[in-house]
Amino acid sequence: MSVAGADAKPVLRVAVAGKTYRPKGAAPVEAVRDLAFTIREGEIVCLIGPSGAGKTTTLRILLGLDTDFTGEVAGAEQAGIVFQEPRLLPWRSVEHNVRLGLAKPDRGRDLDALFERLGLTPWRASFPRALSLGMQRRVALARALAGGPKVLVLDEPFVSLDDNAAAELRALVVDTVDAAGMSVLMVTHNVAEAIAIADRLLLVSRRPATLVADITLDRPRRLRDRAWADATRTSLSARHPEVIAD
Ligand code: ADP
Ligand code: MG
């Protein structure tokens with residue numbers, strides 16, 4: 001944990017003892033077991049684990065979207081969420097889709113600064129199908145940010161984008177949350193991406209997802225060069241080869 005982070009206020013607390021799916025007519029699937037962590041004010045935390053581990057399940061639980069589990073979560077009401085798929089309403093404008101991120105009484109709020117920051121001003125009246133996947137993801141991001149959450153929760157938000165679009169969106173996320181003092185919990189299986197932006201890495205095992213390691217990266221983001229990133233990755237994959245390949 002970074003020095004500033006250690007006594008910063010918790011914004012999200014998760015302690016899942018267990019989560020098992022019980023599909024009708026099929027064998028039960030144990031998705032999560034003993035996975036506990038806390039996200040503090042202002043930190044960027046990346047959750048890394050194999051595909052099918054139980055990461056999305058964990059996010060749905062901590063957001064209160066799935067209540068069929070054993071354990072405790074706190075802070076969901078302070079979170080804004082960006083799912084892997086943009087999940088926009090195709091028959092609504094960009095403007096309307098973003099306003100859906102606000103509670104009904106707030107839907108008329110001035111969002112000019114948010115649209116401007118995310119480069120969406122020219123697209124406010126457009127429909128989602130007119131936008132590239134990268135721009136659609138920005139709309140999903142704007143919708144998550146509209147209500148001014150304390151913590152932004154992102155589920156593999158940059159997959160299927162080309163490297164440039166992903167890097168651009170990533171920088172946008174980091175600048176936006178830094179400016180707002182917001183925290184981030186991001187699920188990714190892109191280790192390089194996590195090493196580039198995270199203050200802390202949470203490594204989870206293959207299914208059922210269990211916490212394997214909680215690693216602080218205390219080098220300031222602007223000082224993270226290629227050599228440091230390579231050395232960090234090498235040391236992580238030596239210690240946790242089951243989660244991070246080299
Ligand atoms: P990840 O996000 O880490 O790739 P998920 O949390 O989506 O993994 O899924 C974890 C496991 O739970 C997978 O084996 C997946 O097939 C299973 N699973 C997810 N949702 C359901 C469901 N609604 N019913 C049954 N099994 C599910
Ligand atoms: Mg997932």
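The shell around ligand 1 in this predicted model divides into four nonpolar, five polar and two charged residues, where Ala, Val, Leu, Ile, Met, Phe, Trp, Tyr, Cys and Pro count as nonpolar, Asp, Glu, Lys and Arg as charged, and the others, Gly among them, as polar. The residues around the ligand, each with a heavy atom within 4 Å of it, are Tyr21, Val29, Pro50, Ser51, Gly52, Ala53, Gly54, Lys55, Thr56, Thr57 and Arg207. Helix α2 (residues 55-62) supplies the largest share of this shell, three residues; helices (H or I, at least four residues) and strands (E, at least two) are DSSP runs, numbered from the N terminus.

Polar contacts are pairs of N or O atoms within 3.5 Å. The side chain of Thr56 places an N or O atom 2.8 Å from an oxygen atom of ligand 1. Backbone atoms also take part: a polar one of Gly54 lies 2.9 Å from a ligand oxygen, and a backbone N or O atom of Ala53 lies 3.1 Å from a ligand oxygen. Of the 560 Å² that ligand 1 exposes when taken alone, the protein buries 61% (Shrake-Rupley method, 1.4 Å probe).

Thr216 belongs to strand β9 (residues 211-216). Thr216 counts as partly exposed because its relative accessibility is 22%, a class lying between buried (under 20%) and exposed (over 50%), with a 1.4 Å probe and protein chains only. Its C-alpha atom is separated by 6.4 Å from that of Leu201, 15 residues apart along the chain.

Residues are numbered from 1 along each chain as its sequence is written, with chains lettered from A and ligands numbered from 1 in the order in which they are written. Local features need pLDDT of at least 70, side-chain atom pairs count only at pLDDT 80 or more, and totals for chains, interfaces and linings use all residues, while side-chain values use heavy atoms, with hydrogens and water left out.

Note on methods: Polar contact = N/O pair within 3.5 Å; in protein donor to acceptor, adjacent residues only side chain to side chain.
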